[in-house]
Amino acid sequence: DEGSATATSQNSDQEYTIPVSIGTPGQVLQLDLDTGSSDLWVFSTETESDQVNGQTLYDPSQSSSSSYMSGYTWSIQYGDQSTSNGDIYTDTVTIGGVTVSSQAVELAQSVSSEFTSDSNSDGLLGMAFDSINTAKPSAVETFFDNAQSSLDSFLFTADLKHDTAGSYGFGYIDSSLYTGDITYVDVDNSQGFWGWTSGGYAIGSDDFTSTDITGIADTGTTLLCLDDSIVDAYYNEIDGANNSDTYGGYVFPCSSSVPSFTFAVGSSNIVIPSDYMNTGAVPDDDSTCFGGLQSNSGLGTSIFGDVALKAAFVVFQGGDSPTLGWATK
Ligand SMILES: CCNC(=O)c1c(-c2ccccc2)csc1NC(=O)CNCCc1c[nH]c2ccccc12
């Protein structure tokens, strides 16, 4: 089996959602496919009503295929301190034509304000490894793991785009979506993430710097978050750039031209164009722009978030020795 789903850029590439059908008849929710976590959770009829703000709610009582997982709960806290928790049903889940008949669906009973205020997302579709799923008394499996037996190949692909619709593929590689060859690198999933190591970087047209950059491929995080040495070197090339306490990161005059950013993938590389490195004006000051590259300090890892991923066609290859494939497009 194979399929694909349109990835819709929300709020200027801040996140990307896909339509996911849950239940019989199908209830379609827009979920943020998140390779940086492993819980499939949804806004639901059980979510505190004062924490709902326009989201579509999954209602298990309207699905003839839902089944309550008695005694199961879940509770997650992301690095940005956002949280959600609730109980769990199984139901039929279909994404891009690929169906899992008994997928654990985690219903939110409570969510923190970041999720309430994000009316573009009805929940998260965690696609990292089962070891970091938060269900109790025991972990439940991701859609990707449950779909393995029915997928032609045990992989999914990400073709995220800047300010326009991209796509996620399941079970196959669409060679029309990239140019040249796909370069595969090993994945370290010991922390439950799609962890990998880049061999270095270049700022604009400057010389390449060989240095190991170990981080995670994370569709659920907007920005590219790297070591301070790289980040400081990058913003040294932009007049008027400064690391702002007010805005919580590097900002610069929106009139500045900003360099592109290249990162190594094995013996090849991916170039993030200049315009991806500017996420746009900060709130209440349209002459100050916020950088797409920010510090990883305090994150515990570097993060190749959407700013980096949307510059490439990326293959998430599952199995006993998972790998990541990167291609230019
Ligand atoms: C900003 C979201 N990212 C993180 O918190 C995060 C961190 C992290 C750690 C410490 C401080 C800040 C971030 C490490 S890995 C990692 N990645 C994930 O946790 C991936 N899942 C993010 C889900 C998520 C959290 N807050 C949101 C708000 C909108 C859409 C999605 C989300």
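This is a predicted model: local features need pLDDT of at least 70, side-chain atom pairs count only at pLDDT 80 or more; totals for chains, interfaces and linings use all residues.
Local features need pLDDT of at least 70 and side-chain atom pairs count only at pLDDT 80 or more, while totals for chains, interfaces and linings use all residues. Residues are numbered from 1 along each chain as its sequence is written, and side-chain values use heavy atoms, with hydrogens and water left out.

Start at the ligand. Around the ligand are 17 residues, each with a heavy atom within 4 Å of it. D34, G79, D80, D218 and T221 come nearest. By class, this shell holds six nonpolar, six polar and five charged residues. Here Ala, Val, Leu, Ile, Met, Phe, Trp, Tyr, Cys and Pro count as nonpolar, Asp, Glu, Lys and Arg as charged, and the others, Gly among them, as polar.

Now look at single atoms. A polar side-chain atom of D34 lies 2.5 Å from a ligand nitrogen. D218 also places a polar side-chain atom by a ligand nitrogen, at 2.7 Å. G79 uses its backbone instead: an N or O atom there lies 3.0 Å from a ligand oxygen. Taken alone, the ligand exposes 630 Å², and the protein buries 80% of that (Shrake-Rupley method, 1.4 Å probe).

Next, the aromatic rings. The whole structure has 24 aromatic pairs (rings of Phe, Tyr and Trp, the last by its six-membered ring, with centres within 6.5 Å; planes under 30 degrees apart are stacked, over 60 edge-to-face, the rest tilted). One of them joins Y78 and F115 edge-to-face, 5.8 Å centre to centre with 70° between the planes. Y78 lies in the loop between β5 (67-77) and β6 (83-95), and F115 in helix α1 (residues 113-116), so the pair ties together parts 37 residues apart in sequence. Helices (H or I, at least four residues) and strands (E, at least two) are DSSP runs, numbered from the N terminus.

Last, the backbone. Most residues other than glycine have a negative phi, and most peptide bonds are trans. Q81 has a positive phi of about 75° although it is not a glycine. Q81 sits in the loop between β5 and β6. The T24 to P25 peptide bond is cis, with omega near -10°. P25 belongs to the loop between β2 (15-22) and β3 (27-34). Another cis bond joins K136 and P137, with omega about 5°. P137 is in the loop between β8 (123-126) and α2 (143-147).

Methods:
A polar contact is a pair of N or O atoms within 3.5 Å; within protein, one must be able to donate a hydrogen and the other to accept it, and residues adjacent in sequence count only if both atoms are side-chain atoms.
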